[in-house]
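These are my notebook entries on one model, set down in the order in which I looked things up.

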Amino acid sequence: MGAPVDGERTDSSHHEVGVVVIGAGLSGVAAVIALRRAGFDDVVVLEKSGRLGGTWRDNTYPGCGCDVPSVLYEYSFAPHPWTRCYAGRPEILRYLETTAATHSVDKAIRYDTEVLAARWEPGTHRWSLRTTTGTCTARVVVVATGPWHRPRYPDIPGLDGFPGAVFHSARWDHDADLTGRRIAVVGTGASTVQFLPEIQPLASRIDVFQSTPQWVLPRPDYPLPQGLHRFLGRHPAARRALRGLHHWTQEAIGVPLRHPRLLRPLETAARLHLRTSVRDRALRRALTPRYRLGGRRLIASDAYYPALTRPNVRLHPTRVTAVEGSHVIGADGSRTPADVIVLATGYHIGELALAHGLYGTHGTPLADAWAGSRRAYLGTSVSGYPNLFLLVGPNLLTGTTAVPTVLEAQLRYVTAALTHLRASGYTALDVKPEVEAAHHQALHRALRTTVYNTTGGSSYYFGLPGVNTFCWPWSTRRLLRRLRAFMPEAYVWSRSPSEARLSDGGSGCG
Ligand SMILES: Cc1cc2nc3c(=O)[nH]c(=O)nc-3n(C[C@H](O)[C@H](O)[C@H](O)COP(=O)(O)OP(=O)(O)OC[C@H]3O[C@@H](n4cnc5c(N)ncnc54)[C@H](O)[C@@H]3O)c2cc1C
């Protein structure tokens with residue numbers, strides 16, 4: 001597991017640490033900083049890749065970037081002079097790396113170390129972890145493996161026999177030369193919206209296969225002058241006001257998503273955006289969704305519709321059913337020749353691959369405990385899995401909330417829980433099953449009347465058949481309020497007979 005850190009037991013391949021954070025993306029980096037600020041210095045991050053950054057390291061497709069205003073896509077403790085209103089992937093990745101270096105987070109990261117399994121040891125109140133490089137034990141585990149981590153590959157008969165390059169948009173093949181080629185794009189989600197305008201000028205022809213049209217809102221993106229940042233740097237109140245303005249705009253858009261009777265004005269704005277961008281009636285019809293706005297993930301772009309109107313781009317409003325030789329076959333019977341196929345078919349959203357190897361108090365893998373649902377109290381604690389916290393866990397996001405906002409609130413909650421644990425003399429906290437169940441029931445009852453649940457369980461938000469595993473049904477404000485108030489009575493507190501207090505001993509967290 002790499003070099004030992006403070007407090008680790010240093011016998012050959014086994015180490016013990018206070019807190020293990022799994023994953024070094026936006027969440028893992030922030031977790032280390034928050035834990036240290038709360039006095040938990042004995043923290044190690046296990047990262048399976050050789051570089052930090054998660055989403056922003058892995059997704060290198062042309063045009064990849066943020067789809068919320070950058071001022072909301074930053075840590076509140078590390079404001080950044082973004083060059084654009086919606087920053088691109090290289091700038092976000094640089095920001096994460098710089099922030100990690102500034103706060104000495106990189107020193108806590110053990111790279112090329114994938115966590116394969118973690119088992120709760122009831123006798124010692126420790127998590128025992130098995131990784132690709134050895135084993136370790138930890139008193140606390142923070143899972144920061146990311147909800148958008150694994151690309152979803154479609155099952156298209158004949159795809160293996162396609163003679164040209166085939167790749168997923170999330171694993172862009174930069175060796176595939178697109179210049180003057182015929183490119184078939186399968187899928188029209190958020191990634192296609194970003195990369196299509198970038199590759200359109202290169203290709204001789206692009207055929208875009210769309211199974212479901214998206215609602216697309218305008219997104220005015222523009223460079224942010226450095227003078228503005230100098231001003232905001234001198235006036236922190238102005239920066240807070242700018243953040244607040246963007247935050248409340250996002251929140252305002254969230255209101256009709258929770259109360260669909262108020263959706264008409266937003267839908268009208270999106271239709272107007274389509275009408276002013278696309279003159280061709282047939283194309284406009286093909287691009288018009290037949291479900292309510294917000295039923296799938298909301299998309300914002302000023303460049304996507306114009307790219308679809310270019311002479312070398314053709315939209316096929318049909319699913320791809322097969323590939324035969326170098327032809328892509330549509331459900332409408334069309335046969336389209338292609339040199340390159342880009343699979344823009346999204347991610348296994350909210351999937352926690354590690355759930356198959358997380359064994360709780362009863363020795364049950366979390367994947368089994370979660371069969372048919374993904375329950376977590378406030379998206380963070382799972383009953384039967386003590387001293388374990390999920391970052392950006394199930395049902396924490398909405399159609400409009402920026403991940404850093406939720407993440408920082410969760411980290412305040414986690415550090416409050418650990419501070420309580422340290423002070424209490426107990427060695428484990430486990431959310432009460434009835435508290436978790438009541439939260440789960442209330443959440444899914446509230447989701448029923450939102451627009452998120454109106455697409456019949458087939459949408460982005462439904463990580464499991466018929467179960468919305470993604471959305472928080474109330475306002476972000478309510479989420480932040482719930483996460484601000486850590487309630488010890490929601491948890492069972494226990495002490496291991498063989499155990500000293502969390503703060504005692506060199507291997508403790510404190
Ligand atoms: C293309 C794209 C655009 C996005 N745009 C936005 C946006 O505009 N606004 C927004 O709020 N969100 C956006 N998101 C969501 C984005 O994923 C989150 O905002 C954020 O980056 C999640 O960070 P994370 O650290 O939780 O997860 P990740 O960034 O996925 O990082 C997880 C890390 O865990 C590591 N890991 C996984 N499994 C293991 C294991 N078993 N052992 C060790 N390490 C492991 C991975 O290698 C990775 O480094 C976007 C996502 C994508 C894919």
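Helices here are DSSP runs of H or I of at least four residues, and strands are E runs of at least two, numbered from the N terminus. The model is a predicted one, in which local features need pLDDT of at least 70 and side-chain atom pairs count only at pLDDT 80 or more, while totals for chains, interfaces and linings use all residues. Residues are numbered from 1 along each chain as its sequence is written.

For helix 1 (residues 26–37) and helix 11 (residues 403–424) I recorded a packing angle of about 35° and axes 10 Å apart, the axes being lines fitted to C-alpha atoms over the stretch in contact and the angles running from 0 to 180 degrees between N-to-C directions. On the side of helix 1 the contact includes Ala30, Ala31 and Ala34, and on the side of helix 11 it includes Leu407, Glu408 and Leu411, contact meaning C-beta atoms, placed from the backbone, within 7 Å. The residues of this contact divide into 9 nonpolar, 2 polar and 1 charged (Ala, Val, Leu, Ile, Met, Phe, Trp, Tyr, Cys and Pro are nonpolar, Asp, Glu, Lys and Arg charged, the others, Gly among them, polar).

I then turned to the ligand, which 32 residues surround, with Gly23, Gly25, Gly54, Gly146 and Val403 the closest (a residue is near if its C-beta atom, placed from the backbone, lies within 6 Å). Helix 1 gives the largest share of this shell, 3 residues, and the shell divides into 16 nonpolar, 12 polar and 4 charged residues.

Ser104, in the loop between helix 3 (89–102) and strand 3 (109–110), has a positive phi of about 50° although it is not a glycine. Leu378, in the loop between helix 10 (366–369) and strand 18 (388–390), has a positive phi near 50°.

Are these two residues buried or exposed? I found Ser104 exposed, because it has 11 C-beta neighbours inside 10 Å, whereas Leu378 is buried, with 24 other C-beta atoms within 10 Å (buried means 20 or more such atoms, exposed 12 or fewer, partly exposed in between, with C-beta atoms placed from the backbone).

Note on methods:
Contact = placed C-beta atoms within 7 Å.
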